[in-house]
Each structure stands twice: as structure tokens, then as C-alpha cells.
Amino acid sequence: RVLPKEVQKAAALISLSLESRPSDSNLAGDELGVFEGHSMDEEADPANSPRIRLFLTNLWEWVEGDEHTFRDQVGLTYLHELGHYFGWDEDDLSARGLE
């Protein structure tokens with residue numbers, strides 16, 4: 001997937017972490033990804049910079065080991081979490097096909 005230029009600019013401001021599984025206890029453990037930090041419409045907080053964490057083992061298991069589907073799901077999950085940076089809630093994401 002190719003991100004539109006305006007989305008690329010926003011995405012460049014967010015750190016991306018690729019992890020096997022969530023390691024912190026405040027997550028359920030089966031998440032595919034998570035957005036953390038402030039959204040674009042909130043005041044910037046250097047102590048809570050925006051970041052996206054993708055959990056590759058969870059994604060791989062979600063797609064039952066299908067490589068093509070895995071690649072698609074990684075992209076979809078990234079866009080879903082990026083949507084949270086834009087301030088979109090789950091209904092907004094669903095309306096955009098990013099559920």
C-alpha cells in the first residue's frame with residue numbers, strides 16, 4: 001500500500017516498533033497492534049510521544065501462517081493504528097475499511 005503524501009508526512013512523525021508480542025501487563029496479549037501517545041489533535045507531550053507497536057507473532061497467528069495475508073494484515077494493522085493518531089475512533093476506522 002502506498003500512503004498519500006499528507007499521510008506520509010504524519011506517519012514520519014510516529015515511531016514504529018515491531019515486536020513479537022505485547023510485553024506489558026496492561027494489554028490483553030492478543031493485540032495485533034497498538035497506538036500509544038497523543039493524537040494529532042491533542043497537545044504534544046514529549047514524555048508521551050506517539051508510537052505504533054505491531055505484534056508480529058500475533059499477526060502471523062491471526063492469519064494462520066499465510067505469508068500473503070500476513071503482509072496485507074501488517075499493512076492494514078499499521079493503517080488502523082495510524083488512524084488513531086489522526087484521532088479516528090473505532091467507528092471512523094470501520095467506515096474507512098480499517099477494522
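This is a predicted model: local features need pLDDT of at least 70, side-chain atom pairs count only at pLDDT 80 or more; totals for chains, interfaces and linings use all residues.
Tutor: Residues are numbered from 1 along each chain as its sequence is written, and side-chain values use heavy atoms, with hydrogens and water left out.

Student: How many helices and strands does the protein chain have, and what makes a run count as one?

Tutor: The protein chain has four helices and three strands. Helices are DSSP runs of H or I with at least four residues, strands are runs of E with at least two, and both are numbered from the N terminus. Along the sequence the pattern reads α-β-β-β-α-α-α.

Student: Why is N58 called buried?

Tutor: Buried means under 20% relative accessible area, exposed means over 50%, and partly exposed is in between (1.4 Å probe, protein chains only). N58 has 6%, so it is buried. N58 sits in helix α2. Its C-alpha is 9.0 Å from that of P22, although N58 and P22 are 36 residues apart in sequence. In the protein chain, buried residues make up 37% of the 99 residues.

Student: Is E64 buried or exposed, and why?

Tutor: E64 has 74% relative accessibility, so it counts as exposed. E64 lies in the loop between α2 and α3. Its phi is near 55°, a positive value in a residue other than glycine.

Student: What makes R21 and E61 a salt bridge?

Tutor: A salt bridge is a side-chain nitrogen of Lys or Arg within 4 Å of a carboxyl oxygen of Asp or Glu. In R21 and E61 the closest N and O atoms are 2.6 Å apart, and the pair forms a salt bridge. R21 lies in the loop between β1 (15–19) and β2 (33–36) and E61 in helix α2, so the pair ties together parts that are 40 residues apart in sequence. R21 has 38% relative accessibility, so it is partly exposed. E61 has 47% and also counts as partly exposed. Side chains of opposite charge can pair when their charged atoms come close.

Student: Where does E61 stand relative to P46?

Tutor: E61 and P46 are 15 residues apart in sequence, but 34 Å apart in space, C-alpha to C-alpha.

Student: What do D24 and R53 tie together, and why?

Tutor: D24 and R53 form a salt bridge, with the closest N and O atoms 3.2 Å apart. D24 lies in the loop between β1 and β2 and R53 in strand β3 (residues 51–55), so the pair ties together parts that are 29 residues apart in sequence. R53 has 2% relative accessibility, so it is buried. D24 has 25%, so it is partly exposed.

Student: What separates R71 and E67 in helix α3?

Tutor: R71 and E67 are four residues apart in helix α3, so about one helical turn separates them. Their side chains meet in a salt bridge (2.8 Å, N to O). R71 is exposed at 57%, and E67 is partly exposed at 46%. Salt bridges that share partners also join E19, D24, E36, R51 and R53 into one network. The structure holds six salt bridges.

Student: Which residues form the negative surface patch?

Tutor: D89, E90, D91 and D92 form it. Asp and Glu count as negative, Lys and Arg as positive, while His and the chain ends are not counted. Patch residues have over 30% relative accessible area and no salt bridge; like charges are joined within 9 Å, and nonpolar side chains (Val, Leu, Ile, Met, Phe, Trp, Tyr) within 5 Å. E90 has 46%, so it is partly exposed. E90 lies in helix α4 (residues 90–95).

Definitions and conventions. Accessible areas come from the Shrake-Rupley method with a 1.4 Å probe; for residues, only the protein chains shown count as cover. The place of a charge is taken as NZ of Lys, CZ of Arg, CG of Asp or CD of Glu.
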